[in-house]
Amino acid sequence: MARNFEQVGIVGAGLMGSGIAQVCAQAGMRVVMMDKDPEALEKAKKDIAWSVGKFVEKGKIEEDKETVLSRISVAADLKDMKDVQIVIENVYEDIDLKREVYKTLSSIVGKETLLASDTSAIPITEFAAVTRYPERVLGLHFFSPAQMMRAVEVIRGVTTSDEVMNDGVAFVEMIGKKPIRVERDIAGFLLNRVNFPSTIEAIRLVEEGIATVAEIDEGMRLAFGRRMGPFETGDMVGLDVMMKAMMSTYEETKDMKFYPPVLMQRKVTAGHLGIKTRKGWYDYNEDGTKKI
Ligand SMILES: NC(=O)c1ccc[n+]([C@@H]2O[C@H](COP(=O)([O-])OP(=O)(O)OC[C@H]3O[C@@H](n4cnc5c(N)ncnc54)[C@H](O)[C@@H]3O)[C@@H](O)[C@H]2O)c1
């Protein structure tokens with residue numbers, strides 16, 4: 001029988017953490033959302049309130065906004081994760097930082113609690129190895145914006161038990177998403193292994209002056225039925241986040257098809273990270289809409 005997931009812990013309340021917190025609350029679960037930065041928590045609360053409001057306005061959920069929001073509480077300390085049945089970790093894509101979080105969490109949560117990482121590319125076994133119950137650690141890789149994107153990769157680390165994989169799949173279904181099972185713990189997992197080489201090729205074509213960012217995005221939308229082109233996706237994800245994930249995949253495979261092109265590296269150095277900095281492949285207005 002599937003485990004009960006009444007209370008979910010979210011660690012790291014940035015772009016992904018806040019989106020996932022909202023998805024879980026909309027699915028009727030109680031959520032403890034933790035971040036070490038009080039400003040991030042404030043922003044997450046505002047963003048979630050705005051987004052839930054949009055769902056209500058468009059008739060996509062039946063509950064009222066306040067009911068959904070009342071399920072989310074905030075916390076400044078990992079100790080507040082002690083009663084949850086699953087923790088979804090969304091801190092920065094930094095292996096040492098994440099390992100520290102897992103070490104601490106492992107001494108706080110119950111032995112039944114699942115620990116799930118939303119890492120974009122770091123092998124799950126890296127985190128399992130520092131915990132007391134490595135069979136309970138798995139990957140749950142969401143896609144941005146988490147409120148809208150339906151796929152979630154469920155990733156088996158070397159030590160993840162069959163039961164935990166099945167519970168991970170059941171959890172993803174409970175929150176209204178489609179689980180994509182990834183049975184081996186490889187850097188970049190499944191969907192980014194497919195997506196990165198095409199994004200990298202698109203950046204190289206821009207570097208070579210063959211086409212513009214806007215032309216490639218439009219072509220990819222119109223030819224392949226995508227809602228966003230690779231550059232629009234990159235600006236939403238964050239160029240820094242995507243570049244780190246490409247680099248982790250490259251480091252494990254030593255395959256140049258995953259190596260971030262120079263143009264992308266320079267944009268990250270310049271702080272042109274996408275919508276969050278109002279400048280990336282495109283320029284953005286205050287409200288996040290593209291400048292024409
Ligand atoms: N951006 C995407 O599209 C995307 C998609 C899927 C997965 N991811 C992955 O999700 C994770 C988070 O990415 P994001 O884009 O939400 O980043 P973000 O920068 O928006 O948020 C990260 C948050 O983690 C918090 N944090 C840092 N250290 C912490 C700690 N020790 N304890 C608690 N909170 C801490 C920060 O204050 C920040 O609010 C990364 O591993 C990333 O690779 C990102």
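A: A residue is buried when its relative accessible area is under 20%, exposed when it is over 50%, and partly exposed in between, using a 1.4 Å probe and protein chains only. Helices (H or I, at least four residues) and strands (E, at least two) are DSSP runs numbered from the N terminus. This is a predicted model, in which local features need pLDDT of at least 70 and side-chain atom pairs count only at pLDDT 80 or more, while totals for chains, interfaces and linings use all residues. Residues are numbered from 1 along each chain as its sequence is written, and side-chain values use heavy atoms, with hydrogens and water left out.

Q: Which residues of α9 are buried?
A: They are Pro230, Phe231, Glu232, Thr233, Gly234, Asp235 and Met236. Helix α9 spans residues 230-237, and because seven of its eight residues are buried, the rest of the structure largely encloses it.

Q: What do the buried residues of α9 pack against?
A: Contact means heavy atoms within 4.5 Å. The partners of these buried residues are α1, α7, α8 (213-224) and α10 (239-253). After α9 comes Gly238, with a positive phi near 105°.

Q: At what angle do α1 and α2 pack?
A: Two packed helices are described by the angle between their axes and the distance between the axes. Axes are lines fitted to C-alpha atoms, for helices over the stretch in contact, and angles run from 0 to 180 degrees between N-to-C directions. Here α1 (residues 15-26) and α2 (residues 38-57) have axes 10 Å apart and an angle of about 45°. The two are therefore oblique to each other; angles under 35 degrees count as roughly parallel, over 145 as roughly antiparallel, 65 to 115 as roughly perpendicular and the rest as oblique.

Q: Which residues of α1 and α2 meet?
A: From α1 come Ser18, Ala21, Gln22 and Gln26, and from α2 come Ala44, Ile48, Ser51, Val52 and Phe55. By class, this contact has five nonpolar, four polar and no charged residues. Ala, Val, Leu, Ile, Met, Phe, Trp, Tyr, Cys and Pro count as nonpolar, Asp, Glu, Lys and Arg as charged, and the others, Gly among them, as polar.

Q: Is Phe55 buried or exposed?
A: Phe55 counts as buried, at 12% relative accessibility. Leaving aside neighbours within four places in sequence, Phe55 is in contact with Gln22, Gln26, Lys60, Ile61, Gln147 and Met148. Its C-alpha atom is separated by 8.7 Å from that of Lys65, ten residues apart along the chain.

Q: What is Arg193 in contact with?
A: Arg193 is part of helix α7 (residues 191-207) and counts as partly exposed at 25% relative accessibility. Beyond its neighbours within four places in sequence, its contacts are Ile186, Ala187, Gly188, Thr249, Thr253 and Phe258. A polar atom of the Arg193 side chain lies 2.7 Å from the backbone oxygen of Ala187.

Q: Where is the backbone to be read with particular care?
A: Most residues other than glycine have a negative phi, and most peptide bonds are trans. In this model a cis peptide bond joins Ser144 and Pro145, with omega about -10°, and Pro145 is in the loop between β6 (137-141) and β7 (151-156). Lys254 has a positive phi near 55°; this residue is in the loop between α10 and α11 (262-270) and is exposed, with a relative accessible area of 58%. Arg278, in the segment after α11, has a positive phi near 65° and counts as partly exposed at 31% relative accessibility.

Definitions and conventions: Polar contact = N/O pair within 3.5 Å; in protein donor to acceptor, adjacent residues only side chain to side chain.
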